[in-house]
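Here's a quick briefing to read alongside the sequence and the 3D view. Take a look at the structure first, then work through the points below.

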Amino acid sequence: MNIHEYQAKQLFETYGIPCPKGAATSSKEEFGTCIDSLNDGLVVVKSQIHAGGRGKGTFTDGFQGGVKLANSKDEAIDFANRMLNNTLVTVQTGPAGREVQTIYFTEGADIEKEYYLAILMDRATSAPVVVASTEGGVEIEKVAEETPEKIFKAFVDPVIGLQAYQARGIAFKLGFEGKQAGACAKLIFNLYKMFWETDADMVEVNPMISTSDGGVMALDAKVSFDSNALYRHKDIVEFRDLNEEDPKEIEASKFDLNYIALDGNIACLVNGAGLAMATMDIINHCGGEAANFLDVGGGATAEQVTAAFKIILSDPKVEGILVNIFGGIMQCDVIAEGVIEAAKAVSLDKPLVVRLEGTNVEKGKQLLAESGIEITSADSLADAAQKIVDIVANES
Amino acid sequence: MSVLVNKDTRVVFTGITGKSGGFHAKQCMEYGTQVVAGVTPGKGGLKFEDKVPVFNTVTGAVENEGANTACVFVPPPFAADSILECLDAGIELIIAITEGIPVKDMAIVKRKLLETNARLIGPNCPGVITPGECKIGIMPGYIHKPGTVGIVSRSGTLTYEAVWQVTCLGYGQSTCIGIGGDPINGTNHTDAIKLFNEDPDTEAIVMIGEIGGDAEEKASEYIKEHVKKPVAGFIAGTTAPPGRRMGHAGAIVSGGSGTADAKIAAMEDAGVVVAKTPSDMGAALLEAWGK
């Protein structure tokens, strides 16, 4: 689960991680009071969306930059007015962009130098890793590719946690000296504490900055959490912003369905994540494009299958549906019943290809055949994918 | 012959009195697996299905019934604890089916694993089956057939797809290992390939991977270096959008790494015949095998 920068900064504050003072609001009327709560000087106006590249982004009305530096209160309010409820397109949002619904005002910082700092779970070592670089404010992937020697890592034993010497080691490698090295080490240490205690997937500070008065602070904050651990973090669940999620994906999550909206016109309903991905791949191989990823799980009920159909059909792009089930735990007759129930409940008017294999397959096929619903059945995954791609191509 | 499990394997199910734990324990027993004990804290003394003794602790199951393998079915908040309990009780092989264990819990489990000789399969996996001898997990038994093909995969139903294709072509499986879809797992592709490579009765190998991480690339390096047996494979997620978790916690392309293309290239470089579509896994195996 992702959260906004201003929410991450609230967590930073709790964990004693220094960052510029800021205030966020979703209401135009509060712009003034937000800015007044900050110390006099420059104001940074920041669009809050769950996507990177905001600074270089463009709004759909042509306004440039989702992060702006204002010299006065009036200018800051003007920028904020241009951003709020406007749609920001960045390299990470896709062409549709995201509507900005919250503005975050922060004090301008006296930047001496920019650094990169992140903590994430490293898959290869199955342990948390602290990643830092002297090259901040730029894409870390680019740094890794072009100047890997400027990236420093510290692997953490999850049982004993980050040790003080490791945090100091990173600070010295980044070139900090004296008291400032201590300040940097403390920031890293506190950031790890937050990462671990909140079950974060990743915390990224890009840039972390040094200031001319000898301080070190987090200028930006990007934090995401392990969805599997949210059950033990009620306070973090409160940060969830449904405006940032596809309504179809929100609906799917209510029924414990794994759904991801895609750009194509062939919907698919599959059991199992790997097979669901493979089904998207084979649709593509046959010349079509999947409208979604949908894994109904290992033990879906007829109710879940009906919900899945409703979600699929609420996507106006969908011109055909492929159901691909390899029944293991899930029995084919249960899926067949779900398909029949759903077809009745949602007045199915799109071509439907069904491929069933596995437990109780004959019973499932028989139920579908006797249901009176117009279904094209298929014997293999390849056969099914080719059939739905051909049907959709012929109809459009 | 086979790897990991066989007709002599003595299995304890943790979470045996739960709905899915009970259902699958029964299915495994019907398949012929020696389910010798169950564990549910507070329900010690009961009999599961009127014959399998239930214990309060895993140690109880080990001491009284000689369990040497565990199948973990407890819900995610308690699963890591159950795995650690199995380790402490001296269980040699732990197969964790549970999906949705917090990654932090697994990081700790993984560290503790290093202190023992035990092997963990999973979590978030369908389990392990040696056809005709022992099924531990949630896979449908009847699609399998005893034979000489070793299959390893991160995905459940995609494995069934591969197994079924192999079976329909007239070949059987030595052992099928579901290593699971989580970012931190106990056994990876390389570990499983090693087992198959050293097993005299496994003649050919099918390796099924998906986007995320670099386990398939690492396994390809191992194959290139050490494996003379024919290997076929498939990678799911060629069309998955970057930055999105595709159902499995570990199936995500992030920062340009973990792509299907990179994995396929590494596998092909190692001489693995990679199926173009999931429907061609069986055919890819025959091509690699020269059948």
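Which strands of chain A does helix 3 of chain A lie across? Helix 3 (residues 73-83) of chain A lies across strand 2, strand 4 and strand 7 of chain A, and runs at about 5° to strand 2 of chain A. Bear in mind that this is a predicted model: local features need pLDDT of at least 70 and side-chain atom pairs count only at pLDDT 80 or more, while totals for chains, interfaces and linings use all residues. Residues are numbered from 1 along each chain as its sequence is written, and chains are lettered from A and ligands numbered from 1 in the order in which they are written.

**The sheet in chain A**
- Four strands make an open sheet with the order 1-7-2-4 and antiparallel pairing (two strands pair if DSSP finds at least two bridges between them).
- Its edges are strand 1 (22-25) and strand 4 (67-70) of chain A, each pairing on one side only.
- From one strand to the next, the twist averages 20°.
- Strand 2 (residues 43-47) of chain A runs antiparallel to strand 4 of chain A, joined by 4 bridges, and A:V44 stands opposite A:L69.
- Helix 1 (residues 5-14) of chain A also packs on the sheet, touching strand 1, strand 2 and strand 7 (103-107) of chain A.

**Two helices that cross in chain A**
- Helix 10 (residues 302-313) and helix 11 (residues 332-345) of chain A pack at about 45°, with their axes 8 Å apart; axes are lines fitted to C-alpha atoms, for helices over the stretch in contact, and angles run from 0 to 180 degrees between N-to-C directions.

**Where chain A meets chain B**
- The interface puts 43 residues of chain A in contact with 46 residues of chain B.
- On the chain A side, helix 9 (273-285) of chain A gives the largest share, 11 residues.

**Strand 1 of chain B**
- Strand 1 (residues 10-14) of chain B is mostly covered, with 4 of its 5 residues buried (20 or more other C-beta atoms within 10 Å of the residue's own, C-beta atoms being placed from the backbone).
- Strand 1 runs parallel to strand 2 (residues 34-39) of chain B, with 5 bridges joining them.
- B:V11 has B:V35 as its bridge partner in strand 2 of chain B.

Note on methods:
Contact = placed C-beta atoms within 7 Å. Buried ≥ 20, exposed ≤ 12 C-beta atoms within 10 Å, placed from the backbone.
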